[in-house]
Amino acid sequence: ADAKVLYEPPAPGRPGYLLFLREQTLLAQPFDAAKLRLEGDPAPLAEDVATRGRGNSRAAFWTSAAGLLLYRTGGGSAFTKAKLHWIGRDGKRLADIAPEDTYGSMRLSPDEKRVALGKLDSAGIDDSWVLDLARGVFTRFTFDPKRDTAPVWSPDGRQIVFASDRSGAWELYRKDSNGAGQDQQLTSTPNGKRPLDWSRDGRYLLYFDQDPKTLYDIWA
């Protein structure tokens, strides 16, 4: 299943690309964002890219605004405790940013001052938290007893969209990133969903939808 997808915008001399995983191989395929159309054939970038859970929704790869690709190879347990660090592009550890815990999916805010991430309990249930990097302080972001995971920041950093199974199916919810207000449910269908990315103009949210017939489909 091709579940997680990232869009790398065009740069001088090259088109935009969609990056996705197929059987542990990371692929890049030219994509015309204006026409919403794939072009050419996918090209392999890396092999044995790590995933977690069923499908490739948690494939360990990401891109930066500078055009760099970060990915992890091999496996790993969903319940392994670890510390959070800043790592330089040369692979050297720069600084510790959070103590050892069992962390889930995480996403750096657009201004790079906060991290939205999950903390898992012994049963594998995770809530979303926001970490202030300057102060090293965690603030709990979701409080429902069901799972709340896969946070995605809005381009202006004011909102976070996440997935939750609180209704019996994985739906998308939105909440102000400062934690104020109620969770706003954005979707309501039987299919499981997970947010992937938010367009830079704020108009579109990319997410996957797990259809029983077509498996993992990408929607906007």
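Which ring does the charged end of Lys119 sit over? Have a look at Trp129: the charged end of Lys119 is over that ring, 4.5 Å from its centre. Before I go on, keep in mind that this is a predicted model.

Okay, let's stay with Trp129 for a moment. Its ring also pairs with the ring of Phe138. The two centres are 6.5 Å apart and the planes sit at 85 degrees; over 60 counts as edge-to-face, so that's what we call this pair.

If you search the whole structure, you get six aromatic pairs. Another one of them is Phe208 with Tyr216, which is edge-to-face too, with 4.8 Å from centre to centre and 80 degrees between the planes. Phe208 and Tyr216 are both buried.

Back to charges over rings. Lys4 has its charged end over the ring of Phe61, and the distance to the ring centre there is 4.6 Å.

You'll find Thr187 in the loop that links β17 (184-185) and β18 (192-198). So is Thr187 buried or exposed? Its relative accessibility is 14%, and the cut-off for buried is under 20%, so Thr187 counts as buried.

And what does Thr187 touch, leaving out residues up to four places away in sequence? That would be Glu171, Leu172 and Lys193. With Leu172 there's a polar contact as well: a polar atom of the Thr187 side chain lies 3.0 Å from the backbone nitrogen of Leu172.

That's my tour, thanks.

Terms used: Residues numbered from 1 in each chain as written. Predicted model: local features only at pLDDT ≥ 70, side-chain atom pairs only at ≥ 80, totals over all residues. Heavy atoms only, no water. Phe/Tyr/Trp six-rings, centres within 6.5 Å; stacked < 30°, edge-to-face > 60°. Buried < 20%, exposed > 50% of the residue type's maximum accessible area, 1.4 Å probe, protein only. Lys NZ or Arg CZ within 6 Å of the ring centre and 35° of its normal. Helix = DSSP H or I, 4+ residues; strand = E, 2+ residues; numbered from the N terminus. Polar contact = N/O pair within 3.5 Å; in protein donor to acceptor, adjacent residues only side chain to side chain. Contact = heavy atoms within 4.5 Å.
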